Amino acid sequence: MLPPAHLIIPVSSAQVITKHFKINLSLLEYVGLSIGSLLPDIDFFISSEIRNHHQTIWHTPLFWLTFLLVMLGISNFKGM
């Protein structure tokens, strides 16, 4: 996936989710989503070849699902 797609998909998804749940996100949260969407490609900098950079843990859905659940747990804990 090219960087523009990494940037567009989370913002578009957030707009759909915020409309469904009737919540508002700040500009900072949208910027955070955009920056966070580039994190899966951080392995690009440590891979020996560009074509192999998708074969790391950063590109597995289970990693990001776990990351999301941990972050939600932290945010809910801090909100108590």
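This is a predicted model: local features need pLDDT of at least 70, side-chain atom pairs count only at pLDDT 80 or more; totals for chains, interfaces and linings use all residues.
Residues are numbered from 1 along each chain as its sequence is written, and side-chain values use heavy atoms, with hydrogens and water left out.

Thr18, continued. I list Thr18 as buried because its relative accessible area is 11%; the classes are buried under 20%, exposed over 50% and partly exposed in between, with a 1.4 Å probe and protein chains only. Setting aside neighbours within four places in sequence, I find Thr18 in contact (heavy atoms within 4.5 Å) with Ile23, Leu25 and Tyr30.

Whole chain. I count three helices and zero strands, in the order α-α-α along the sequence. Of the 80 residues, 14% are buried. Of the contacts between residues at least 6 apart in sequence, 31% join residues at least 24 apart. The chain exposes about 6600 Å², and carbon and sulfur atoms supply 74% of that; areas come from the Shrake-Rupley method with a 1.4 Å probe, and for residues only the protein chains shown count as cover.

Pocket. Which helix gives the most to the lining of the largest pocket? I find that it is α3, with eight residues, while α1 (3–21), α2 and α3 each supply at least two. The lining comes to 21 residues, and Gly32, Leu33, Gly36, Phe67 and Leu68 lie nearest the centre. A pocket is an open set of points on a 1 Å grid over the protein atoms alone, with protein on both sides within 12 Å along at least five of seven lines, and lining residues have an atom within 4 Å of a point. I note a volume of about 1000 Å³, meaning the space filled by probe spheres set on the points.

Surface. I find a nonpolar patch of about 520 Å² made by Leu39, Ile42, Phe44, Phe45 and Ile46; patch residues have over 30% relative accessible area and no salt bridge, and nonpolar side chains are joined within 5 Å. A salt bridge is a Lys or Arg side-chain nitrogen within 4 Å of an Asp or Glu carboxyl oxygen. Leu39 lies in the loop between α2 (27–37) and α3 (61–78).

How values were computed
Patches are made of residues with over 30% relative accessible area and no salt bridge: like charges are joined within 9 Å, nonpolar side chains (Val, Leu, Ile, Met, Phe, Trp, Tyr) within 5 Å. Helices (H or I, at least four residues) and strands (E, at least two) are DSSP runs, numbered from the N terminus. On a 1 Å grid over the protein atoms alone, a cavity is a set of points where a 1.4 Å probe fits but cannot get out, and a pocket is an open set with protein on both sides within 12 Å along at least five of seven lines; lining residues have an atom within 4 Å of a point.
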